[in-house]
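I opened my notebook beside the model and went through it a few residues at a time. My entries follow.

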Amino acid sequence: MGTTTIQIDLQEGFEKDTVQMFIDGQEVYNEQKVQTRYQISHADTIKYETTHASVNIEIYLSEKNIKSTIYIDVRQTPYLGINISTDG
């Protein structure tokens, strides 16, 4: 398999959060004060190139005590949108 790019968009619900993201255990994003621009429902974009068919993505928001992990096939899901909700 060649190189595939996955695009991860941080969308709704980010309110000056510290966000860490790891893909297959490698830190690919670590930003403070991540803020959603509600006019366009977008906070930030991360693009990651991989030669693997699937990846494990972990995201942490320490101030909100949120940790989530997702395992995806990048050939079938080259785009991922992440939203934070008060509904859990």
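**Entry 1: Q11**

I looked up the contacts of Q11 (heavy atoms within 4.5 Å), leaving out residues up to four places away in sequence: Q11 touches T36, S41, H42, A43, Y79, G81, I82 and N83. I was working on a predicted model, where local features need pLDDT of at least 70, side-chain atom pairs count only at pLDDT 80 or more, and totals for chains, interfaces and linings use all residues. Residues are numbered from 1 along each chain as its sequence is written, and side-chain values use heavy atoms, with hydrogens and water left out.

Next I placed Q11 in the loop between β1 and β2. Strands here are DSSP runs of E, at least two residues, numbered from the N terminus. Is Q11 buried or exposed? Q11 counts as buried because its relative accessibility is 17%; the cut-offs are under 20% relative accessible area for buried, over 50% for exposed and partly exposed in between, with a 1.4 Å probe and protein chains only.

**Entry 2: N83**

I then turned to N83, in the segment after β7. N83 is partly exposed, at 42% relative accessible area. Beyond four places in sequence, N83 touches Q11 and E12. I checked both for polar contacts (N or O atoms within 3.5 Å; within protein, one able to donate a hydrogen and the other to accept it, and residues adjacent in sequence counted only if both atoms are side-chain atoms). The side chains of N83 and Q11 are joined by one of 3.1 Å. A polar atom of the N83 side chain also lies 2.9 Å from the backbone nitrogen of E12. I noted S41 too: 42 residues from N83 along the chain, with the C-alpha atoms 9.4 Å apart.

**Entry 3: E15**

I found E15 in strand β2, residues 15-23. E15 is partly exposed, at 48% relative accessible area. Not counting residues up to four places away in sequence, its contacts are V34, Q35, Y38 and K64. R37 is 22 residues from E15 in sequence and 9.5 Å away in space, C-alpha to C-alpha.

**Entry 4: the core**

The core has 21 residues; I8, L10, F14, V19, M21, I57 and I82 have the most contacts inside it. At least two core residues come from each of β1 (4-10), β2, β3 (26-35), β4 (44-50), β5 (54-61) and β7 (79-82). β5 supplies the largest share, four residues.

I finished on V19. Beyond four places in sequence, its contacts include L10, F14, V34 and I59.

Methods:
Core = buried A, V, L, I, M, F, W, Y, C linked by side-chain atoms within 4.5 Å.
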